[in-house]
Amino acid sequence: MSLNIQQKNYACDVLVVGGGIGGLMAAIRAAEKGASVIVAEKADTRRSGSGATGNDHFLCYSPAYHGENMEPIVKEVITSLYGRWQDISLVRKFLARSFDVVNDWESYGINMRPKGGWLFQGHALPGRPVFHLKYDGREQKPLLTKKARSLGVTILNKLPICDLLQNPDGSVCGAVGLSIAHEHNTPELVPIAAKAVILTAGNASRLYPGVNPAYLFNVAHSPANTGSGQAMAFRAGAKLINLEIPYTHAGPKFFARCGKATWIGVLRDYKQKTVGPFITKPTRELGDITSDIWNSVFREKMNNGTGPSLMDCTKTAAEDLDYMRWGFACEGDSSLVDALDKTGIDLSKQMVEFTAYEPMFIGRGIEVDENGASCVPGLYAAGDLVGNFRADIAGAAVFGVFAAEHAAEYIKQNTLPNTGQSPSVAECAEELETFLARKTGAHWKEANSLLQQVMHDYAGLEVRSESLLSTGLEYLRKLEKRCRAELRAANAHELMRCLEVLDLIQLGQLLMHCALERKESRGLHKRADYTFTNPLLDDMFLTIQQNTSQSVKTAFRERT
Amino acid sequence: MPPVINPETCTVCGKCASICPMDILAVTNSGSGKSIAVLYPEECWHCNACVLDCPVQAVELRHPLSHMLLSVDTLAPAHDHEENI
């Protein structure tokens, strides 16, 4: 099979890579500021990204609800499960703007007050401020898409972006995508010229083995998100940050789903003893936050024989159980409700086992400043692929706005480049053509599977060390080399999957470089050769950047 | 095959194939006419988008055994012999 190069010259002021929550909000705001905008989306913006079918918690600060002093909310956020790896300056800027975006969403038709008034629930400790707005996000993607289109944004669906295009001075001047639209019999490369690019391609799933490794797509966050934004930003010269600190989500064991805060129950062991110290009687106002606070609880209890940990909703009031089922639908977990019903699981009588899922990159990735700008001129990032800030749906939405506002000013100093003849497009085409031309070869799943095993064995949660990480790094280099020499794609869909795996292999190597450099144990980063936590590395974030095409440079910097 | 399309009610409008986040569905044209094919069932995320957005409710999701929810019906009585652990 051959490869076409699209001859239509797409060009815009601002190109948004990924049409999830962050991407659509960036597109909306850039268009409102007068920029011409293209969104390149791997799937379809109406149902793509980790917020594809919904969400029900929007992290925000409301002066009317929380009071004029924002600092108690800042404190609560930065001491949360993922708050320790955020720059506090970005948290403050985000919170100050967050409720404006809530109001924007309501004006787009998203149901931010499904029960009438503003309701703050979930992810909260007893007696402490609650900062997640309960909302009904099941129509958020179609409504954001409608808003973007109404402002003249061009949405190119089924167009995953492969790589960024750069001017000789290093500034970004567009990107090249691969059309996977089925109406094309021949895969097609699509160059897009842009004065600025906002990366909003989401988290990196499928890097480590999931709950059932035979099923690569059984993951809580969107398995279409494979770190392509982080990988292409790195290749363009951007700094990535906090890669070595593992983050794991939690939920029902073999049906990986987000939405742990939607559950109104208590985690108990088999002997009915509560697992955590926070609550004994769950209510819709206060569920069990144990898995947010004690991230390793599920593994520890399985390893010491006191597991499993079970979500107990049997003592939850009947009306709260109904409320929970409604919450699942808002969160985008209607599939989970269907699965419970079809298999006859009655949560008023039965408990469901919970577990921690595999490590992933969320809030691990591109370093940005308070405008969402990376260190590469013209390159911005927002959402789950950012490494020094994270607030999930709300974070993506608000930083999408910040990035768009800064990009709309940045483009005024630039003229539109012509990328049609860019050597990078030709280089990209050459490699993809080799994958398509092979009559026999390796399937992308072989590579993804081995990558996951190497990550688990050599950069896992149980143990890390210089010898394991160094060896793992060598294995991943060899895997990458073999992939380039052996991968075969039968069509555009498989070609997309091949590129995803190559991005993941690159990120795996970068993670190992960073894990080698952090010579201490901290959080879920456990070094067998440095078992202590080094006070000198408190509040120190580790960055990694391309040095030459063959080497990287790492550096610690203070949290700001 | 996670999404199961009911050929009796499906109008082959193609919306499910358009919006599938994993690109596993496609409109195909065979000798007997157009239909929706599940090309990559093992890449299904079980997100329910195809079920939610089908205008004629022709899609159902089958949850594979590999994704079984683990439920416990009977618990040990409280205050069991914890010292044995």
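1. Starting with the interface: chain B and chain A bury about 4100 Å² between them, and carbon and sulfur atoms give 56% of that area. Bear in mind throughout that this is a predicted model. On the chain B side, three residues stand out: Trp45(B), Leu69(B) and Leu70(B) supply 19% of the area that chain B buries against chain A, more than any other three residues. In residue terms, the contact takes 54 residues from chain A and 43 residues from chain B.

2. The salt-bridge rule finds five between chain B and chain A. Glu42(B) makes a salt bridge with Lys445(A), where the closest N and O atoms are 2.5 Å apart. As for polar contacts, 20 residue pairs turn up across the interface of chain B and chain A, with both residues at pLDDT 80 or more.

3. Which elements of chain B do the touching? At least two residues each come from α1 (15-19), β2 (25-30), α2 (49-53), β4 (59-61) and β5 (71-72) of chain B. The largest share, four residues, belongs to α1(B). Sorted by class, the side of chain B that touches chain A has 24 nonpolar, 10 polar and nine charged residues.

4. The α13(A) side of the contact includes Leu450(A), Leu451(A), Val454(A) and Met455(A), while α14(A) brings in residues including Leu468(A), Leu469(A), Tyr475(A), Leu476(A) and Cys483(A). By class, this helix pair's contact has 12 nonpolar residues, two polar ones and one charged.

5. Over all chains, the salt-bridge count comes to 43. One of them pairs the side chains of Arg557(A) and Asp87(A), at 2.6 Å from N to O. These two sit in distant parts of the chain, 470 residues apart: Arg557(A) is in strand β18 (residues 551-558) of chain A, and Asp87(A) is in the loop between α3 (71-78) and α4 (88-107) of chain A.

6. Finally, two backbone spots to check by eye. The peptide bond from Gly307(A) to Pro308(A) is cis, with omega near 0°; Pro308(A) lies in the loop between α8 (297-303) and β13 (309-312) of chain A. The other spot is Asp539(A), which has a positive phi of about 55° although it isn't a glycine. Asp539(A) is also a loop residue, found between α15 (492-517) and β17 (540-548) of chain A.

Definitions and conventions. Residues are numbered from 1 along each chain as its sequence is written. Chains are lettered from A and ligands numbered from 1 in the order in which they are written. This is a predicted model: local features need pLDDT of at least 70, side-chain atom pairs count only at pLDDT 80 or more; totals for chains, interfaces and linings use all residues. Side-chain values use heavy atoms; hydrogens and water are left out. Contact means heavy atoms within 4.5 Å. Ala, Val, Leu, Ile, Met, Phe, Trp, Tyr, Cys and Pro count as nonpolar, Asp, Glu, Lys and Arg as charged, and the others, Gly among them, as polar. Buried area is the accessible area (1.4 Å probe) that two parts lose on being put together, summed over both. A salt bridge is a side-chain nitrogen of Lys or Arg within 4 Å of a carboxyl oxygen of Asp or Glu. A polar contact is a pair of N or O atoms within 3.5 Å; within protein, one must be able to donate a hydrogen and the other to accept it, and residues adjacent in sequence count only if both atoms are side-chain atoms.
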